[in-house]
Amino acid sequence: MTSVKGSVRIRESKKDQRRLALIAAGMQLFVEQSFAKTTIDQITGKAGFAKGTFYNYFTTKEDLLVSALQLTQDQDLEQTRRFVMEAGTVVERLQRVSDCALVWNVQYPELGMIWLGERLRRGLAQTRSGFDQLIAEVITEGQAAGALRSDRSAEAMVLEVEGILLAYVAAWLHNQEGMDLTPAVHEALAGYVTGAQNA
């Protein structure tokens, strides 16, 4: 006989599987035919569920996209962390975090625009992911090592770095031909860290 605890775990596992199936179906459709042309009916149909199932997990397509990106970044976090922390300086580490984040935006600009809009609409704290945790770690370690000023909170500095990334991605999304995104972000981060270093 299955214990109550065991049946709860099975239910949670099935719930997780359904959520992941909806995310996979939604992301595949967003990439294949665009976010705008994808309907919730198509997402649930592709995942093999009734339309109502979608609303057990997400409120909107945007909600699914935010969840998908947070999940993707969190899954890749350990590998990304090793790559980032191999770099010697705070600037190089922040530039490596930005490189990992920007790859996706460049590859999928339409989805990048929606992700950016949702981050601003919902608030950065509500859409934090593995990359944001990594920025916090780089800054905290930089402060502990004396490479960054400690009279400002790490939280404020994380917000400022996130602001740089969001501003440059937004500018690039609106003017892709006129900006080489990665070098522009690298230069902005280097300038920020220079200003944030201990005197």
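Colleague: How many salt bridges does the structure hold?

Modeller: This is a predicted model, in which local features need pLDDT of at least 70, side-chain atom pairs count only at pLDDT 80 or more, and totals for chains, interfaces and linings use all residues. Residues are numbered from 1 along each chain as its sequence is written, and side-chain values use heavy atoms, with hydrogens and water left out. A salt bridge is a side-chain nitrogen of Lys or Arg within 4 Å of a carboxyl oxygen of Asp or Glu. The number of salt bridges in the structure is 11.

Colleague: Which helix holds both R82 and E78?

Modeller: The side chains of R82 and E78 form a salt bridge at 4.0 Å, N to O. Helices (H or I, at least four residues) and strands (E, at least two) are DSSP runs, numbered from the N terminus. R82 and E78 are about one helical turn apart because they are four residues apart in helix α5.

Colleague: How many residues apart in sequence are the parts that R81 and E137 tie together?

Modeller: R81 and E137 meet through their side chains in a salt bridge of 2.5 Å, N to O. R81 lies in helix α5 and E137 in helix α8 (residues 130-144), so the parts tied together are separated in sequence by 56 residues.

Colleague: Is R93 buried or exposed?

Modeller: The side chain of R93 meets that of E141 in a salt bridge (3.3 Å, N to O). Buried means under 20% relative accessible area, exposed over 50%, and partly exposed in between (1.4 Å probe, protein chains only). E141, at 36%, is partly exposed. R93 has a relative accessible area of 17%, so R93 is buried.

Colleague: What kind of aromatic pair do F54 and F58 form?

Modeller: Rings of Phe, Tyr and Trp (its six-membered ring) pair if their centres lie within 6.5 Å; planes under 30 degrees apart count as stacked, over 60 as edge-to-face and the rest as tilted. F54 is buried, with a relative accessible area of 0%, and F58 is buried at 2%. The ring centres of F54 and F58 are 5.5 Å apart and the planes are at 50 degrees, so the pair is tilted.

Colleague: Which residue lies over the face of F83?

Modeller: A charge sits over a ring if NZ of Lys or CZ of Arg is within 6 Å of the ring centre and within 35 degrees of the ring normal. At 4.5 Å from the ring centre of F83, the residue over the face is R96.
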